[in-house]
Amino acid sequence: MTSSERPFLNRRLAEFGTTIFAEMSALAVQTGSINLGQGFPDTDGPEEVREAAVRALRDGRGNQYPPGPGVPELRAAVAAHQERRYGLLFDPDTEVLVTAGATEAIAASLLALLEPGDEVVALEPYYDSYAACIAMAGGTRVPVTLRPHEGSFRLDLDELRAAVTDRTRLLLINTPHNPTGTVLTREELTAVAELAVERDLLVVTDEVYEHLVFDEAEHIPLATFTGMRERTVTIGSAGKTFSFTGWKVGWITAPPALVSAVRSAKQFLTYVSSGPFQYAVAEALALPEAYFTAFREDMLAKRNLLSAGLADAGFEVFRTAGTYFITTDIRPLGESDGFAFCRALPRRAGVVAIPNAVFYDHREEGAPFVRFAFCKQTPVLEEAAARLKTLGA
């Protein structure tokens with residue numbers, strides 16, 4: 001085979017093409033549809049946080065390379081946030097690392113902690129970068145599928161235990177969970193922690209939606225459980241909490257040895273990023289509790305609005321306990337193929353959604369499920385609900 005005949009994309013990434021988010025967002029533009037597919041807000045976050053970024057730019061803070069681990073002000077703010085909310089104590093200098101969003105935090109953690117052939121147990125369906133990053137690290141992903149149970153998606157703890165083998169290196173946990181909206185309970189997290197300790201596993205836990213939990217749900221960081229702080233890399237993000245997804249400011253908190261390992265990989269990815277925005281996010285994390293309460297209540301009202309609209313349109317709607325996504329079942333509408341449904345939906349109803357099957361290794365498991373994002377302005381959600389109602393007609 002000549003070089004011109006050889007595929008350019010290496011075999012580890014051969015299964016990954018253009019993301020479904022790019023495809024569906026382009027379709028939204030082409031058709032003039034309301035985009036409830038990709039999870040980004042259509043309004044900016046707090047004015048005082050934007051002004052903090054402007055002030056940092058004008059003061060010349062962060063316009064050149066910031067420190068590799070992140071600016072001291074943000075690392076201190078992250079540590080203070082973890083202590084204030086969860087009682088977790090982290091040294092800002094050795095146990096906090098700032099990343100280019102949560103996506104880089106995931107990539108750097110998996111590249112740093114996995115050897116080729118290591119197995120990673122992850123909750124399926126999963127955010128699409130998980131599979132790609134495991135592949136880039138040479139690992140093998142082992143999905144444990146969340147399945148519908150009494151109106152929401154739940155974790156089968158027996159299945160989780162059975163998935164761990166002598167080759168398992170790491171558990172990749174996401175709670176609140178994208179795309180299903182599940183928030184793992186204290187009992188479920190206790191079982192995860194006991195399994196990790198018993199089998200001496202590392203854990204990477206994606207908690208970027210920590211401030212978006214609803215009703216009786218409670219977000220409990222896995223690092224707070226017995227034996228977990230020393231083996232857990234916890235990932236956080238400013239984008240989801242403050243509605244500045246374009247700033248790409250994320251972080252990890254972990255013991256010094258784990259932070260050092262992840263930093264070794266991260267320095268050869270972006271090295272540094274988001275200089276002035278880091279100072280602004282430091283101020284955002286210190287906002288009064290009233291901000292976080294109002295943010296959660298606003299998203300709860302939007303969840304309720306869109307959930308009701310989807311139910312009126314004929315979807316089966318699963319309860320969202322966290323994140324800003326709603327998973328639906330299209331079978332009551334006489335449909336069973338989420339890909340075909342989502343590709344046709346913009347022209348049928350002027351709305352864009354995401355087929356959950358893209359988040360599954362076992363695509364047949366996710367075939368009838370479709371995800372909608374409700375992190376949009378209320379009039380936009382009202383219009384989307386009105387358009388979707390034509391499906392039932």
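Contact here means heavy atoms within 4.5 Å. The model is predicted.

**Exercise 1. Describe the surroundings of Thr 182.**

Step 1. Locate the residue: Thr 182 sits in the loop that links β7 (168-174) and α7 (186-198).

Step 2. Decide whether it is buried or exposed. Buried means under 20% relative accessible area. Thr 182 has 3% relative accessibility, so it counts as buried.

Step 3. List the contacts. With its neighbours within four places in sequence left aside, Thr 182 is in contact with Phe 153, Arg 154, Thr 175, Pro 176 and His 177.

Step 4. The backbone oxygen of Phe 153 is reached by the side chain of Thr 182 at 2.6 Å.

**Exercise 2. Work out the order of the strands in the open sheet, and find which strands stand at the edges.**

Step 1. Read the order across the sheet. The seven strands follow one another as β2-β10-β9-β8-β7-β3-β4, and their pairing is mixed.

Step 2. Take the ends of that order. β2 (96-99) and β4 (140-145) each have a single partner strand, so one side of each has no neighbour in the sheet.

**Exercise 3. Follow strand β9 (residues 232-237) and its pairing with β10 and β8.**

Step 1. Recall the general rule: strands of a sheet pair through backbone hydrogen bonds, either parallel or antiparallel.

Step 2. Take the pairing with β10 (residues 250-253). It is antiparallel and has four bridges. Within it, Ser 237 has Gly 250 as its bridge partner.

Step 3. Take the pairing with β8 (residues 202-206). These strands run parallel and are joined by four bridges. Here Val 203 stands opposite Thr 232.

Step 4. Sort the side chains of β9. Thr 232, Thr 234 and Gly 236 point one way, while Val 233, Ile 235 and Ser 237 point the other way.

Step 5. Draw the conclusion. Six of the six residues of β9 are buried, so the strand is largely enclosed by the rest of the structure.

**Exercise 4. Find how helix α4 (residues 101-113) and helix α9 (residues 256-266) cross.**

Step 1. Take the two values: the axes come within 8 Å, and they cross at roughly 105 degrees.

Step 2. Classify the angle. Because 65 to 115 degrees counts as roughly perpendicular, α4 is roughly perpendicular to α9.

Step 3. Name the residues that meet. From α4 they are Glu 104, Ala 108, Ser 109, Leu 111, Ala 112 and Leu 113, and from α9 they are Leu 258, Ala 261, Val 262, Ala 265 and Lys 266.

**Exercise 5. Determine how far helix α10 (residues 275-284) is enclosed, and what covers it.**

Step 1. Use the count. Eight of the 10 residues are buried, so α10 is largely enclosed by the rest of the structure.

Step 2. Name them: Gly 275, Pro 276, Gln 278, Tyr 279, Ala 280, Val 281, Ala 282 and Ala 284.

Step 3. Identify the cover, which includes α2 (47-58), α3, β2, α8 (238-242), β10 and α11 (289-313).

Step 4. Helix α3 (residues 72-86) lies across β2, β9 and β10, at about 115 degrees to β2.

**Exercise 6. Count the disulfides.**

Step 1. Apply the cut-off: the two cysteine sulfur atoms must be within 2.5 Å. The count is zero.

Step 2. Check burial. Cys 342 counts as buried at 1% relative accessibility, and Cys 375 also counts as buried at 1%.

Key
Residues numbered from 1 in each chain as written. Predicted model: local features only at pLDDT ≥ 70, side-chain atom pairs only at ≥ 80, totals over all residues. Heavy atoms only, no water. Pairing = 2+ DSSP bridges. Helix = DSSP H or I, 4+ residues; strand = E, 2+ residues; numbered from the N terminus. Axes fitted to C-alpha atoms, helices over the stretch in contact; angles between N-to-C directions. Buried < 20%, exposed > 50% of the residue type's maximum accessible area, 1.4 Å probe, protein only. Polar contact = N/O pair within 3.5 Å; in protein donor to acceptor, adjacent residues only side chain to side chain. Parallel < 35°, antiparallel > 145°, perpendicular 65-115°, else oblique.
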